[in-house]
Amino acid sequence: MRDVLTLTRPQADRLRICAILRICADLLWVVQAYAVAEVIAGWLRDGDHGVALVILFAATGVLRALLSYGAGRLVFDLGQRVVQDTRRRLLDAQTVRIDAALSSAEIAALVCDKIPLLAPYFTRFRLAMIRVRVVPVAFVLIALTQSWAVAIVLLVTGPLIPVFMALIGLAARDASARQMVEIGTVNRLLVDRIAALPDILLLGGFDRSRALFVTRVDALREKTMAVLRIAFLSSTVLELFSAIGVAMVALYVGFSLLGEITFGTWGAPLSISQGVFLLLLAPDFFQPLRDLAAAWHDKAAAEAVADELAGLNTAPALPILGLGAKATPLPGPVSICVEQADTVTRVRMPDFAIGPGESVALTGASGSGKSTCLIALAGLLPLSCGRITVMDQTLDAQNADAWRARLTLMPQHIHIPDTTLSDFLDPHGTKGDPGPALRIAHASDIVAALPHGLDTRLGELGAGVSGGEARRLLLARAFFSGADVILADEPTADLDAVTAGLIIDALRRAQDSGKTVIVASHDPLLIDAMDRAVALPEVQA
Amino acid sequence: MRRLWRVAGLLWQASPWAMWRGAAAALTVLVMGAALLGLSGWFITATGAAGLAGIGIAFDVFRPSAGVRFLALGRAGARYAERLLTHDTTLRALAKLRLALLDRLRHWPIDQLRRLRSAAELTRITADVDALDGLVLRLILPLLAGLLTHIAAFAMLWWLTVPSVALSIAGGYIFGGGLVLWLTARAALVPSKTAERSRQTLRRQVIGLFRGQRETIQQGLLPRRRDELTRSERTEQNAESRLNVIDERAGLALNLIVTLTAAAALLAGDIAVGLSTLSPAAAAIGFFAALGLAETLLPLRRGLAELGRMHDAAGRILPSETPKPAALPLPEVSPDHQTALVLDGVTVAAPGRQTPLMTALSLTLRPGETAALTGHSGLGKSTLLDAIAAVSAPLSGTVTLLGTSISDWPDEQLRRHLTLVPQRARPVGGSIRENLAIASDDLNDSAAWEALTTVELHSVVQRIGGLDATLGESGTGLSGGEARRLALARAVLRRPSVLLLDEPTEGLEGPLARRVLANLKHALPATAILIASHRRAEQEMADYLITLQSTHARK
């Protein structure tokens, strides 16, 4: 996705329109400079009143400001569209693969903090880039019509700026790459300390930890300043050359007007209005260069984001089958058959077949791929060879959503979303009574203990439920939804005997009510409770 | 706005002397810039007049041209100094702000701090600190320097030109600029709050979507969740767009102020020259200085654009307005080492609930004894340990540590005698040594290795590079079981009278778990240990086994 920095044709056209507006605004300064030059020259000639010229100056200035305003609004919309498109593409790609290389917090940081950094790349950097190619050239040509000497002063000082900036920029680049990392480090350090604060307080170690934090932060500041000392040189060069340029123009004009310099014009000696005009032109000749320098940071930031996005796509995507959308459940009695199947993550699945009201335990050493098998059975991971048949159809992208509508997947670590318990149990809003389902799953007492019963908010900010409770609630959801296949990954891991017993009993009840149960487990009690066990093939070294 | 002033004050006080130097450098830059243009304008007009009058040869070119050169070079130098000084002070100030934040969080109840662990919440805190870095750099310093520059410019122009020129420039910039500043700040507050809030919603939704991704897909809810994301994004972008309108309008207004003020200066000069109360060269100073002074105004725009966000962030970073009533520090207690820990009729409830999770528990633990708490999950073992460690309050009953009620212990002394290792104790980013140093004031290598050996972590640490091996954020570089043992090693270094362990050997193989526990008892022979566990290893080594009873089972 490095291509996030290239624009589509209509977007590029829009950027060009914005640039033209801005360039028009820049060039209108020539009119203002002319008006001022004539006013001041008028003062020296005979003191006639230049009110009309002052009005011309002010009116042109108002027009300039309006043009800049329009350009600013237009280009902002462009930036927002780029952000929107990039976010959409990222989410399109990442939501349908379960092998995401990034944590959920990292993806959220990309979506919320980093992708928006692409906008200033266009609204500031690219705009400045176009202006810098046009405006200084135009100003040199205009200066040339008045005085070739001034044009030379501008030509010499102007291009020297990018040269020097490039030289210093090269030196600063590596250093500033390090610095970017270090600025991030201070924040990460803080986050880390805050996250560890409960433990630190329990150890009575706040003051010690604070002292360590201060030392680290001070060290980072010194490193950062070392980098900035070089980096700021670059902008100082810019300031220096533009100041020297303006000063040289002023001195040249002054000495010409005194008659001490007689070269540099086209025949006639420099007039006062020409002199004032040239002096006013000089600072605005440098302005686009200064804007570009100020926007350099936006370029670096956007490129870093683009690289990160590009890196995401180098890993081969393992998309899920189907779209993860709501679908009419696949009809017919449950049948699952696995034949010679390997997942794309190179896990060899055991061959087995299972029908309605049956149960099976997938067993094997940890790391042999039990969880992966369950994921593949749910159509969340494509196969590299062999096939999985469900209801006598080969499981593929066309029927995966319909297949998933008949099953419930119980991961080992259940994510409790930030919703109410009733929304959790009834995500599609059928408004049924979850009571019976809760009873079968031994989950009624969990609901009874919650402060607001079914209306209690769960999730990180709400009432916490323990791992065993979450599994029972998920089973209740399975009963409630009428799903007739239950895929459970280590449903008794980390639980004490009583709770594990409750879960096993609930799974037994599921099977008794006609559901197909497949568990991945190494818990002997759970394996015994299933009809049969299927061992995963030993991993071949 | 008062919050922003308080934050500004806080940032300024971090190193006031350096801030003033930065402000002085900023002032120098602005004054020199305006003077450079003013002098250049005067120079050209004056030379033009001299040339016209034919007295060019008598004109003193030396001093003005030296002045132009000095101002040009001096301005660039001052700019460099300004940037270095202000950035250094800002970094210092932000470090202070982060420390102030830590210092404030220190007084939070531990159970509230645990909830801060969520990634979204933490990102927001750092984003808030970052948002405030522009406050001094892009708002306060430019404002201060700009205002001082205008005062200086006003005095100079009053002296060099006529009052009408000086007044039109000062009036246009100070009142016009002030008005724009005030209006923009007012208009931006609501949309920037909306933008920030919708961005947080978006963040929460993205995190939620990816954490529960498999379940979302399995339930066929992916398109719906995506629609929700799109809606939040639209709210965010609409707010951002409104902010941009405000920002562009501020830019428009600032540009208009510059143009109209310069025009006013030009007109005032024109009239004064027409009345012959002012020489043309002096009149030129007015106009050119007005142009140069634009630099006092235009850079404020970026700071203005961020004002709403800063205001919002300041509200969250600052301590709440009402200071807590300063509780009298509890007097030191004199520990009685006869009994280590006594529980009398203690029950706890899940956070936010009022029904007891288990039947009342009483027990007495003497120094050197070990008890294991068992009972099925959800019975409140962790909550009970929290109550014993005074992290949260029990629903009923009393906890007595070394002869004194737990609520009478001053916090610092309490932590010297009682250590709780929670289930999810985590290392901090940094070296192993740093991690251990949190637990001990005078940590030497041999003590560190001894503690690591006790928890059977010495070979792991040796493998990854010794005590100076660096762990990533939240201890990446160690497995879950290893991180837990590092937390145990810290507890060993505390040498507490009472040690509370929550599932200490989770994720360890049986034999290793037994070795760690045996070493622990050996290393802390006089410590009373209470372990919450459902594993056999822990239950075997305990002198007592306490099985918690559910209140529901009784009914």
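Colleague: Which domains does the assignment give for chain A?
Modeller: This is a predicted model: local features need pLDDT of at least 70, side-chain atom pairs count only at pLDDT 80 or more, and totals for chains, interfaces and linings use all residues. Residues are numbered from 1 along each chain as its sequence is written, while chains are lettered from A and ligands numbered from 1 in the order in which they are written. Domain bounds come from an automatic or database domain assignment. For chain A it gives domain 1 (2–314) and domain 2 (336–535).

Colleague: What is the strand order of the five-strand open sheet in chain A?
Modeller: Two strands pair if DSSP finds at least two bridges between them. Strands (E, at least two residues) and helices (H or I, at least four) are DSSP runs, numbered from the N terminus. In this sheet the pairing is parallel, and the order is β6-β7-β8-β3-β9.

Colleague: Which strands are at its edges?
Modeller: An edge strand here pairs on one side only. In this sheet of chain A, those are β6 and β9 (532–535).

Colleague: Is T408(A) buried or exposed?
Modeller: T408(A) is in strand β6 (residues 407–410) of chain A. A residue is buried if 20 or more other C-beta atoms, placed from the backbone, lie within 10 Å of its own, exposed if 12 or fewer, and partly exposed in between. T408(A) has 25 C-beta neighbours inside 10 Å, so it counts as buried.

Colleague: Which residue in β7(A) stands opposite T408(A)?
Modeller: β6(A) runs parallel to strand β7 (residues 485–489) of chain A, and four bridges join them. Residues are in contact if their C-beta atoms, placed from the backbone, lie within 7 Å. Leaving out residues up to four places away in sequence, T408(A) touches R477(A), A478(A), S481(A), A483(A) and I486(A). The one opposite T408(A) is I486(A).

Colleague: At what angle do the axes of α1(B) and α6(B) cross?
Modeller: Axes are lines fitted to C-alpha atoms, for helices over the stretch in contact, and angles run from 0 to 180 degrees between N-to-C directions. Helix α1 (residues 2–14) and helix α6 (residues 133–160) of chain B have axes that come within 10 Å and cross at roughly 105°.

Colleague: How many nonpolar residues does the contact of α1(B) with α6(B) have?
Modeller: From α1(B), L4(B), V7(B), A8(B), L11(B) and W12(B) meet L135(B), V136(B) and I140(B) in α6(B). Ala, Val, Leu, Ile, Met, Phe, Trp, Tyr, Cys and Pro count as nonpolar, Asp, Glu, Lys and Arg as charged, and the others, Gly among them, as polar. The contact has no polar and no charged residues, and its nonpolar residues number eight.

Colleague: Which residue in β4(B) stands opposite D344(B)?
Modeller: Chain B has an open sheet of four strands, ordered β2-β1-β4-β5, with antiparallel pairing. Five bridges join strand β1 (residues 341–347) to strand β4 (residues 396–401) of chain B. Opposite D344(B) stands T398(B).

Colleague: Which helix gives the largest share of the side of chain A that touches chain B?
Modeller: In chain A, 117 residues are in contact with 121 residues of chain B. By class, that side of chain A has 72 nonpolar, 26 polar and 19 charged residues. The largest share, 27 residues, comes from residues 206–258 of chain A, helix α6.

Note on methods. Contact = placed C-beta atoms within 7 Å.
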